[in-house]
Amino acid sequence: YFLKTPDSDRAITETLKDVLKQFDGDRTYIFKYNKEKSKQSCIYEATRPGVHPEIDTLQDMDSGPIGWWSKQILNNIPIIINHLDELPPEAEADKETLARQNIESLLVVPLASSEGIWGYMGIDIVDHPRLWSHVDKEWFFAISNIINICIELRASEKEALAQREYLQKLYDYMPIGYLRLHLVYDENGQPYDFR
């Protein structure tokens with residue numbers, strides 16, 4: 001479904017909805033870091049009916065490498081929280097952000113390309129803690145890897161298409177001319193004119 005649908009945004013959102021159902025979650029999402037990795041934004045989100053969407057409030061958030069959450073993600077370490085009280089003391093700011101969204105439990109996996117970590121995918125449980133099983137973790141890691149590969153494939157396709165369109169326009173509008181000439185040489189074999 002993901003690779004056959006031309007509207008990749010819709011396909012990603014529908015896939016996140018399916019993940020919600022499979023894991024009986026409340027909110028799934030994908031975050032992306034900007035080039036400098038000093039900000040992060042939620043780019044996709046799906047929520048269970050009755051759960052408040054947070055995508056609009058989770059834009060251009062600080063993501064400096066000094067915070068606990070960012071250190072985990074940028075070091076390619078998944079974040080698995082059965083209950084917010086499991087967060088270490090250095091994650092107090094992250095705990096406040098999660099508590100504001102009524103998140104009690106979550107599972108977050110870094111997303112990587114050949115250039116490094118570009119974002120992360122997560123699933124939240126709101127208003128009650130959840131003990132994530134080994135099977136939950138393995139399935140979520142596998143699904144996030146598949147989604148990551150599909151997103152990277154779509155990005156590569158878009159880049160290749162843009163390059164192809166650029167070259168076609170360059171070819172179509174390039175001022176090209178053809179000149180046929182015959183060089184005229186002097187008695188020493190040096191060219192001095194042309195016809």
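Which residues are buried in H1? In this predicted model, local features require pLDDT of at least 70 and side-chain atom pairs count only at pLDDT 80 or more, whereas totals for chains, interfaces and linings use all residues. Residues are numbered from 1 along each chain as its sequence is written, and side-chain values use heavy atoms, with hydrogens and water left out.

In H1, the buried residues are Ser8, Ala11, Ile12, Thr15, Leu16, Val19, Leu20 and Phe23; buried denotes under 20% relative accessible area, exposed over 50% and partly exposed in between, with a 1.4 Å probe and protein chains only. Helix H1 (residues 8-23) comprises 16 residues and spans 22 Å from its first C-alpha to its last, close to the 22 Å expected at 1.5 Å a residue. The expected span is 1.5 Å times one less than the number of residues in the helix.

The protein contains 4 helices and 8 strands, assigned as DSSP runs (helices: H or I, at least four residues; strands: E, at least two) and numbered from the N terminus. Along the sequence their pattern is α-β-β-β-α-β-α-β-β-α-β-β. Of the 195 residues in the protein, 37% are buried. Contact is defined as heavy atoms within 4.5 Å. Among contacts between residues at least 6 apart in sequence, 53% join residues at least 24 apart.

Aromatic pairs were assigned to rings of Phe, Tyr and Trp (its six-membered ring) with centres within 6.5 Å; planes under 30 degrees apart count as stacked, over 60 as edge-to-face and the rest as tilted. The count by this rule is 5 aromatic pairs. Tryptophan 69 and tyrosine 120 form an edge-to-face pair, at 5.8 Å centre to centre and with 65 degrees between the planes. This pair links distant parts of the chain, with tryptophan 69 in helix H2 (residues 68-74) and tyrosine 120 in strand S6 (residues 116-126), 51 residues apart. Tryptophan 69 and tyrosine 120 are both buried. Ring pairs join Trp69 and Tyr120 with Tyr29, Phe31 and Tyr33 into a cluster.

Asparagine 148 is located in helix H4 (residues 134-173). Asparagine 148 counts as buried because its relative accessibility is 7%. Apart from neighbours within four places in sequence, asparagine 148 is in contact with Leu111, Ala112 and Trp118.
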